[in-house]
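Welcome, and please have your viewer ready. We will go from stop to stop, selecting a few residues at a time and looking at what is there.

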Amino acid sequence: MLIKLMNKERVFSGIQPSGEFTLGNYLGATRNWVRDQDKKINYFCIVDLHSLTVPQDPEELRHQTRSLAAMLMACGLTPEKSTIFIQSHVKAHTEGCWLLNTITPLGWLQRMTQFKDKAAKQESILTGLLDYPVLMAGDIIFYDADEVPVGDDQKQHVELARDIAQAFNHRYEEEFFVVPKPVIPTAGARVMGLDDPTRKMSKSYAHIRGHAVRILDEDKEIMRSFKKAVTDSDNEIVFSDDPAKAGVRNLLGIYQAITGKDNEGVLADFADARGYGDLKVRVGEAVINEVAPIRERHKELMNDPAELDRLLAQGAAQAEAVSQPKVDQMKEIMGLIVPK
Ligand code: TRP
């Protein structure tokens, strides 16, 4: 039993508090995390320091950070099974980031595609934007994480975390850091935008009307988004990889992710549907039924700030107990004096 416990993989997930939590976040990621909570040792970190690398409204950021914490718990991540915490509450992240900066070549950061994309859009490029992947590497390796579930866009950053871990191990002490690997989830739904089924539903575009279903939207709003979902003109409800039918495919995929039925079962449920209008309404109803209880729990947590703070303080303490000793060891290894 004990051995089994120690052999569990350690998983580190980071999620930015900017933008609103969508059905895509839930069906594509968080729901899998909830399901797998018992199988692994999990760290869920709300990476508020990463959000600061682009302009934020301070009050808004604070609100979104608490709201996201409440959302993760409302979805079913529980502090009994997982460590759920806010990045800035655990000082090892920033302290250790500096240490990692001293072994990370500038060229590695300058070639990150996300940095190049974001920098190209800005007149003045902030140091934090460049350093972002080093902070992220620390998030992961200070917890000895084996696995990092990420979307395609973050794969390069996890690979950089591997390079940094190896650079440290090579220079200072072999096997000091676990070399993490990115896991791109294959299970779970890839939810596309309702306004454009060729583009992934994204938190970053959640403010654009009709694009995303936000979990905190009212029922009426959710139904309105589904009714306006982009489909095609041939009125055939089938699972098809034809790009022209991506809209219908997306609606069926959402329904499938919620019900857990196979393709046949899903199509059977729509056998008597009268066209896309019916399809959209029924998928909308299934989504509303699924998210209404989450929204309710979210509201309860937001209405009890003392309890939410208590849970987050508990998470931060658990996280600190793992990462601070690791960073202290690093300091020792690198030649700093660590006060006893
Ligand atoms: N950069 C990630 C994103 O934007 C968020 C993140 C920060 C992260 N630290 C992490 C993800 C550590 C996984 C592990 O999505």
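Start by selecting Asp232 and Lys245, whose side chains form a salt bridge with an N to O distance of 3.5 Å. The two partners are 13 residues apart, and both sit in the loop between helix 10 (219-227) and helix 11 (246-259). Are they buried or exposed? Asp232 is buried, and Lys245 is buried too. Keep in mind as you look around that this is a predicted model.

Next, move to helix 13, residues 275-302, and pick out Asp278 and Arg282. A salt bridge joins their side chains, 3.6 Å from N to O. They are 4 residues apart, about one turn of the helix. Asp278 counts as partly exposed because its relative accessibility is 21%, and Arg282 counts as partly exposed because its value is 23%.

Now select Glu59 and Arg62. Here the closest N and O atoms of the salt bridge are 2.9 Å apart. The two residues are 3 apart in helix 4, so about one helical turn separates them. With a relative accessibility of 52%, Glu59 counts as exposed.

Stay in helix 4 (residues 58-74) and click on Glu60. This residue has a relative accessible area of 40%, so Glu60 is partly exposed.

Across the whole structure, a search finds 21 salt bridges.

Finish at the ligand. Show the residues around it, among them Phe12, Val47, His50, Tyr132 and Val148. Which element supplies the largest share of this shell? Helix 8 does, with 4 residues. Both helix 8 (127-141) and strand 1 (10-15) give the shell at least two residues each. By type, the shell holds 6 nonpolar, 4 polar and 1 charged residues.

- Asp139 has one 2.7 Å from a nitrogen atom of the ligand.
- Gln154 has one 2.9 Å from a nitrogen atom of the ligand.
- Gln16 has one 3.0 Å from an oxygen atom of the ligand.

On its own the ligand has 370 Å² of accessible area, and the protein covers 90% of that.

Technical notes:
Residues numbered from 1 in each chain as written. Predicted model: local features only at pLDDT ≥ 70, side-chain atom pairs only at ≥ 80, totals over all residues. Heavy atoms only, no water. Near = heavy atom within 4 Å. Polar contact = N/O pair within 3.5 Å; in protein donor to acceptor, adjacent residues only side chain to side chain. Areas by Shrake-Rupley, 256 points an atom, 1.4 Å probe, with all protein chains shown as cover. Nonpolar A, V, L, I, M, F, W, Y, C, P; charged D, E, K, R; others polar. Buried < 20%, exposed > 50% of the residue type's maximum accessible area, 1.4 Å probe, protein only. Salt bridge = Lys/Arg side-chain N within 4 Å of Asp/Glu carboxyl O.
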